[in-house]
Structure formats: structure tokens, C-alpha cells
Amino acid sequence: MPKERPLVSKIFSLAVFILLEIASLLMLSNNSELQKLWLARISHGFMAKTWGTTQAIGNYFSLKGQNDELALENERLRAVVRGYEQASHDADPSSRPFDGDNGFHYIPATIVKSATNTQHNYLILDKGSDDGVVENSGVISPKGVIGIVDAVSKHYSFAISFLNKEVNISARLDTSGAVGPLAWDGKSTSGAVLKEIPLQFKYSPGDTVYTSGYSAIFPPDIPLGIAGEAKVINGATNEISVSLFQDHSALKYVTIIENTRIAEIEEIENRKKEDKK
Amino acid sequence: MKNTFVFTYVLMTVAQMILSNYCHFSPYVMLTILPAMILCLPTKVNTLEAMLIAFATGLAVDWLAEGTLGINALSLVPVAFFRRYLIDAIFGVEPFEQKENLSIKKYGFARMSFAIILFTAIFLVIYIAADCAGTRPLWFMGAMLGFSLLASYMVSILLVNLLSYDDRR
């Protein structure tokens, strides 16, 4: 006696059932105008629902591509804004000092890998030397500083994250203009500490903290975060806690900035050092 | 025995044609004995065979009685498709495992009544939906289902003994 194959038998029965029902529906549709309209209405409703769902699924899976396009578009628009600011500054040099095209070149990038749960966090970006990325370029987002490029391959860059105990960036308090090194607090992905602020500078919680522009890596006036409580260190300086605008745990798109005049800056520094010798 | 069953089955199909052609008591009542006929098919008939029998029976009634071609076949094939699952659920696995045919004498009036009502309800839901084709209000379809189910059950329970082997022996 042949062994029974229930699953195959069930599938076959289901297929025959569907075929017989389709045959019945076709006969019904061909023999009555009323039933034909009714079936057409049902099938149109079903098709509309199916297409709608398919479209929604397709849209969901194309979101990454759309985000990439938007990041590129954002960068293009920022370049246009920088161009207008440059033109405005050239027309009226007495206006607010222009900080747009101050020798920085901008490259949009996507984070392909990142670590945020150690004391020495890093990022890997999808742009490399073929895209014009060089070592010691800054990495920023619209909400702050993200890190510094440490190594570059043809298609990828390795960046030391701001969430790294070894990274300090020069930052400035908005109201007083006091400048000091800003470093990660080592506790959360959105906390930092602004150090070495002399006591004579007036300070109030809620001040915005910006990049100072004193380093050759980051341009000035990138908003970084909001100043919080301060404590006096060794009776000489204030150490201010800062709540960063950018939460580093939710980050995907960044911009790499390269200072195109860094060689000139280094050259003048070296010359001065040689003169002193 | 086999020939007797086939003969009785054909006779009942003819009876269904007569019911469809001449017994129009009310727009709310649609008499059918086709689901009970599928229920009483011998248990050695598997699902695939039952579906083919149901399709042929439905088409024969559609073809020879007044009505839209395909509507009885459309409604009866699902009854045959779910026959095995419903019989297992109502009567247990015994009928199919031991190849025992269903009868009131063996399984009792209540269980057979419940099975007929369930089979007939599946048939009528599809039949009424396809027949009304979205042109009738829900209350009308509900009323038609209720009255038709009651009338069909009463006719089917009377005729079900004719198709039962054991009761005839």
C-alpha cells in the first residue's frame, strides 16, 4: 500500500479547489451581467488594496535611497547658501564676518559602522580618498561635531568619534566668548564637559556652546550643545557640563569637512617656530 | 450497494432541480439539499473526489434548473473542500479512519442535524452573496439565510436517510 503524503495531498486539493472556484466564477461572470459587475467590483477592490500595499512596501524599502538623495541635496543646498553668504559678504565687507567658505570643503557621507558603547568609540564612513577625503578632516552633522577622520582607504574612512576620551575640540561659550576644550563626559551619548573656562568669565546655565574655530579641523560657530551646571576645579577654572544637541546613538548621515588651507596654516606655524630657533 | 448509492444520488440531484424550478415559496426561501448530499458521500471518497462530484452536481443543477450557470458549483465546492475537516470536528476521526459512513442511527439525530446545518450554512452564505451580488441590503440577506437554512434543514434531515448505507441495510 503506498504511503500517504498528507501535505502534498492537501496542497493538491487546495489547488484543485482554487481551480474549480475560478472556473465557477468565470461561468458565473460570463452568464450574468449583474454577477459580472459584482465580481469586477470585488476584484478591483482587491487589486487596489494589493497595489496599495505593494506600493507601501516598495516605498519603505526605497527609504534608504531617498535618504541618501536627500543628504546629497542638503549638502548641495548648503553649498548654495554658502555661495550667497560669500557674495553678500563681498558686497558689504562691514557685515557680519562670513564663515561660509572659509577654506572648508564639504563631503556628505553615510555612517556604515559605528561603536558607541566603549570609551574609545569610532565610526566608519562610506567615503574615502577616491571621494576626496583626507586624514584629519572633521566630521559634523547639522547638530554638532561627530568626530575626526583618522585613516582613509579608497572607499572608506575611519573616524575617531567625539565619544572618545582622547578627543578634545575647541569650543566657545556664546555670551562670554570664553574658549576651552570640550570633551565627552564618558557617560552618555549626548553628554560633554567644557573645561578650563577661567573664573572671570561670566557664565549662566542655558548658554549655547559653539565651535571656536581655533582649530584647523572645524570651522567656527557650529552649534554643539547647551551649557548646564558648572563646578570650580582647583579654585582656578570652571568645568561646565554640556548637553549635546546631537545624540550620537541615533546618527546615520554626516558631512566630512576638509580644511583646504590647513597646509598654509601649518607652513606659517612651522616658519614661526624656525624663526624662534 | 454502490450502484444503489449512485442511483439515489442522481435521483436526489433531479429532486434538487425540481425544487429549484418549481418550489418558489418566497423570495426569502431558497431550498437546497445539495450540502446534505455532499455530507452523506461515502467516507472512502476523498476530498479531491468530493470536490469533483460537488462541481459536477452543482453544474448539472445550474444547467438544468433555472438559475445562473456556476452559482451552485461555486457554493458547493467549498462545502466539499471543508467536508473532511468538519466531519472530523463534529464526529471525530472515526468515520474516516474506520471508513464508516454517516447515519442518524450511528451518530445520533443531534450531531447529524448540526452537521447538516453547518454544511448548509456554508453553502447558503456563498450562494446568497453571489445571488444578491451586492444589490440587496444586509438584513435581506440575513433573513434569506435564516429562512432558507431552516427550510433546507427540514427537507435535508428527511432525505438524509435515503443516502445512508447503514440505515438502508
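The model is predicted: local features need pLDDT of at least 70, side-chain atom pairs count only at pLDDT 80 or more, and totals for chains, interfaces and linings use all residues. Residues are numbered from 1 along each chain as its sequence is written, with chains lettered from A and ligands numbered from 1 in the order in which they are written.

Some terms come first. Helices (H or I, at least four residues) and strands (E, at least two) are DSSP runs, numbered from the N terminus. Two strands pair if DSSP finds at least two bridges between them.

One closed barrel of chain A has six strands, in the order β1-β2-β5-β4-β3-β12. Its pairing is antiparallel. On average, neighbouring strands of this sheet are turned by 45 degrees against each other, direction ignored.

Start at β1(A), residues 104–114, which pairs with β12(A) over seven bridges in the antiparallel sense. Here H105(A) has E258(A) in β12(A) as its bridge partner. β1(A) also pairs with β2(A), antiparallel, over three bridges. S114(A) is bridged to L123(A) of β2(A). A hairpin of five residues connects β1(A) to β2(A).

Now take β12(A), residues 253–259. Three bridges tie β12(A) to β3(A), residues 138–141, and the two strands run antiparallel. G138(A) sits opposite I257(A) of β12(A).

A230(A) stands opposite I240(A) in β11(A).

Two packed helices are described by the angle between their axes and the distance between the axes. The axes are lines fitted to C-alpha atoms, for helices over the stretch in contact, and angles run from 0 to 180 degrees between N-to-C directions.

| Helix pair | Angle | Axis distance |
|---|---|---|
| α3(B) and α4(B) | about 160 degrees | 8 Å |
| α4(B) and α7(B) | roughly 150 degrees | within 9 Å |

Angles under 35 degrees count as roughly parallel, over 145 as roughly antiparallel, 65 to 115 as roughly perpendicular and the rest as oblique. α3(B) is therefore roughly antiparallel to α4(B). α4(B) is likewise roughly antiparallel to α7(B).

A crossing is left-handed if the near helix is turned anticlockwise from the far one by less than a right angle, and right-handed if clockwise. α3(B) crosses α4(B) in the right-handed sense. The crossing of α4(B) with α7(B) is right-handed.

Residues are in contact if their C-beta atoms, placed from the backbone, lie within 7 Å. Where α4(B) meets α7(B), the α4(B) residues include L74(B), F82(B) and L86(B), and the α7(B) residues include F114(B), L118(B) and I122(B). This contact divides into 18 nonpolar, one polar and two charged residues. Ala, Val, Leu, Ile, Met, Phe, Trp, Tyr, Cys and Pro count as nonpolar, Asp, Glu, Lys and Arg as charged, and the others, Gly among them, as polar.

Where α3(B) meets α4(B), the α3(B) residues include M51(B), F55(B) and L59(B), while those of α4(B) include V77(B), A80(B) and R84(B). The residues of this contact are 14 nonpolar, four polar and three charged.

## Where the chains meet

Contact between the chains involves 16 residues of chain B and 16 residues of chain A. On the chain B side, α3 (47–64) and α4 (71–91) each supply at least two residues. α4(B) gives the largest share, five residues. The chain B side has 11 nonpolar, five polar and no charged residues.

## Two residues with positive phi

N136(A) has phi near 65 degrees, positive in a residue other than glycine. N136(A) lies in the loop between β2 (120–125) and β3 of chain A. A residue is buried if 20 or more other C-beta atoms lie within 10 Å of its own, exposed if 12 or fewer, and partly exposed in between, with C-beta atoms placed from the backbone. N136(A) counts as partly exposed because it has 13 C-beta neighbours inside 10 Å.

A133(B) is not a glycine either, yet has a positive phi of about 50 degrees. A133(B) falls in the loop between α7 (109–132) and α8 (138–163) of chain B. With 19 other C-beta atoms within 10 Å, A133(B) is partly exposed.

Notes. Two residues are in contact if their C-beta atoms, placed from the backbone, lie within 7 Å.
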